[in-house]
Amino acid sequence: MSAELILEVRNLYKHFPMRQSLLNMFRRRRQEVVRAVDGVSFEIKKGEVLALVGESGCGKTTIARTLIGLEKATGGEILFKGQGVGGDDDTSISLKKLRQRAQVVFQDPYESLNPRATIYDIVSEPLVVHDLIKDDQDRHERVKRALEEAGLRPADDYLLRYPHELSGGQRQRVVIAGAMVLDPELLLADEPVSMLDVSIRAEILNLLNALRRSRGVSILFITHDLGTVGYFADRLAVMYLGRIVEVGPTAEVLKNPQHPYTKALLSVVPAANPKQRRKMVILSGETPNPINLPSGCRFHPRCPVAMEACRATDPSLVELGKGHQAACLLAK
Amino acid sequence: MNESSTPFKRHLRDFWIAFRRNKLGLLGGFLVLTAIILALFAPLLTPYQPTEVIRDEKGRGLTFAPPSVHGPLGTDDAGRDVWTQLIYGARISLTVGFMAGFIAMFVGSLFGILAGYFGGRVDNLLMRITDVLLVIPDLPLMLVLVATVRQMELNISPLVVLTAVIGLLYWTSTARLIRSQVLTIKERQFVDRARAIGAGHMHIIRKHILPQIMPLIVANTVLVLSIAILIESGLAFLGLGDPTKPSWGTMLNFAFDRSAITNGAWWFYLPPGLAIVWVSLGCVLLGNVLEEMLNPRLTGHHLEDGQSMIAVSGKRSE
């Protein structure tokens, strides 16, 4: 376990202030905030795939956006290879440098490509922005290689096309090619397959897996679908309302889930064998509003095994062995 | 689809195919184009100079000669050929109108892009300036400005003053239009992607914002041109043009001052008036059609192009 740490996140907070009415300002009401990310810590090692799973609205995407500097963190630390980002001291790296070493794959391949740019423009953009390859011929070669590596062969057929001429899967390959053209060390994949047709998902996941193998890139794989996680994630982190409630090696968490929320999520993943009977845990109620969080454990209003103590105590992550941690009073 | 053609050519061809279907747009294009051609080839289309006095056999100036006596459009009070003045005047009117229109477009786009893209304080500042200009009545302000600058005797051609004043005052609606469009574009994910890649503001504006609003700018420019030409005519009619280089507005001013109407010399005042209508109508028709085709607000095709444009607009008509 001595592998190099690519990314370390310590106690990350991201609160979005609500628009306050003038009346409330006069009444000196406390400003309301949406606690999108509320104290999250995790790390990613070199070449590792960490899956971040949770319902929509639990703060997964906000984490990715904060990591790459699209949102400013309210609190906490983000260390890239042990270095802070954007600080004044000598040990930190600039945001621009970080954006060269870490790349994002967004969820919606229909929205994340400029409709008026050719595929060549899109894939070569990172090279142009960072002013890396001056020679046009070299840049051309590099773009072609990235496209072919992303499975768009022959690359020459795609260079001068526009995004609307491609299918969703092809577009997502273009996005991945654009992200990999800089040879980054970290890929933040924000639900890269959830907008795609089921038949294409496996292809894109295979592609990401192959890139991890060949390039040794670390991946933060954000998804709401536990079904795709077991496929290639090394470790799994389950998020609920801005917190990580359970984290550990994928196989271990899937086989032996400790947090009731993880259990509920797992119980509703469709099984490959339709005859296999399982007990589904259907959670009652809605996800609480991230403005007014429940007291104690934030999961207790929906938890099937909640106790009296859960109302009062907010559990933190407890080590259960082999790096498996869960934030539940019942976890042992 | 023809693979050998470049994307740009393909766009242009698709655009032309869509444009050709619209009769009003074609008419507008025709009106504008004829005016430009007449202005460009003015020296070839008349044997006279605009200031030249036409004389009869006895050497007397041929004043207020109706079209039946001289040329296609007769002569004015000083015996100058009206047709010649008209096509030379087109040069002045169109130049001032186009230059002023482009300045207005440039300033308006710049304000709109900066305000929309940077938001916050920049937006507030720029939009308050816009608001102030928006509420001051245009024509009186321009009159005062042009007259004041003239008083200063700076030895600038009156036409330059006219162009600058119109251009620097008539960009407010453009700025608002562009700003609102930029606001929607900058929230789109490909802008986020560019930021996440590490692109700077200039790069994002140039490569991601500008290409999306360019069609809108083009359509709006044509509309602003017609207004600039109208305003130029108005100011020139009020005597703020250059008397040595008469535009259509100046011609109307002369006709009015020298009692062409009481003399029944319709050939003196009707042609410049109709010419103004001709060009501004052409610009408006062309601009409206271009706007309809290119403005995402009016078509709902969300800045897409090609096939998707047809598909979505088809859905809307259901």
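Which hand does the crossing of α6(B) and α7(B) have? The crossing of α6(B) and α7(B) is right-handed, a crossing being right-handed if the near helix is turned clockwise from the far one by less than a right angle and left-handed if anticlockwise. The model is predicted, so that local features need pLDDT of at least 70 and side-chain atom pairs count only at pLDDT 80 or more, while totals for chains, interfaces and linings use all residues. Residues are numbered from 1 along each chain as its sequence is written, and chains are lettered from A and ligands numbered from 1 in the order in which they are written.

Helices here are DSSP runs of H or I with at least four residues, strands are runs of E with at least two, and both are numbered from the N terminus. Axes are lines fitted to C-alpha atoms, for helices over the stretch in contact, and angles run from 0 to 180 degrees between N-to-C directions.

| Helix pair | Axes come within | Crossing angle |
|---|---|---|
| α4(B) (residues 82-118) and α12(B) (residues 266-294) | 10 Å | roughly 25 degrees |
| α6(B) (residues 138-151) and α7(B) (residues 158-169) | 10 Å | roughly 145 degrees |

The crossing angle of roughly 25 degrees makes α4(B) roughly parallel to α12(B); angles under 35 degrees count as roughly parallel, over 145 as roughly antiparallel, 65 to 115 as roughly perpendicular and the rest as oblique. α4(B) passes α12(B) in a right-handed crossing. On the α4(B) side the contact is made by Val82(B), Leu86(B), Gly89(B) and Ala90(B), and α12(B) brings residues including Trp267(B) and Phe268(B). Two residues are in contact if their C-beta atoms, placed from the backbone, lie within 7 Å. By class, this contact has eight nonpolar residues, one polar and no charged. Ala, Val, Leu, Ile, Met, Phe, Trp, Tyr, Cys and Pro count as nonpolar, Asp, Glu, Lys and Arg as charged, and the others, Gly among them, as polar.

In the other pair, residues of α6(B), among them Leu141(B) and Leu145(B), meet residues of α7(B), including Val161(B) and Val165(B). The contact of α6(B) with α7(B) has 11 nonpolar, no polar and two charged residues.

**Helix α8 and its surroundings**

The 15 residues of α8(B) (residues 172-186) should span 21 Å, and the end C-alpha atoms are 21 Å apart, which agrees. The expected span is 1.5 Å times one less than the number of residues. Among the buried residues of α8(B) are Ile178(B), Gln181(B), Val182(B) and Ile185(B). A residue is buried if 20 or more other C-beta atoms lie within 10 Å of its own, exposed if 12 or fewer, and partly exposed in between. The buried residues of α8(B) pack against α4, α5, α9 and α10 of chain B.

Ile213(B) lies in α10(B) and counts as buried because it has 24 C-beta neighbours inside 10 Å. Leaving aside residues up to four places away in sequence, Ile213(B) touches Ile178(B), Gln181(B), Val182(B) and Ile185(B).

**Where chain B touches chain A**

The contact takes 21 residues from chain B and 22 residues from chain A. The largest share of the chain B side, eight residues, comes from α9(B). By class, that side has eight nonpolar, seven polar and six charged residues.

Seven of the nine residues of α9(B) are buried, including Phe190(B) and Arg193(B). They pack against α3, β6 and α4 of chain A together with α8 and α10 of chain B. Just after α9(B), Gly198(B) takes a positive phi of about 115 degrees.
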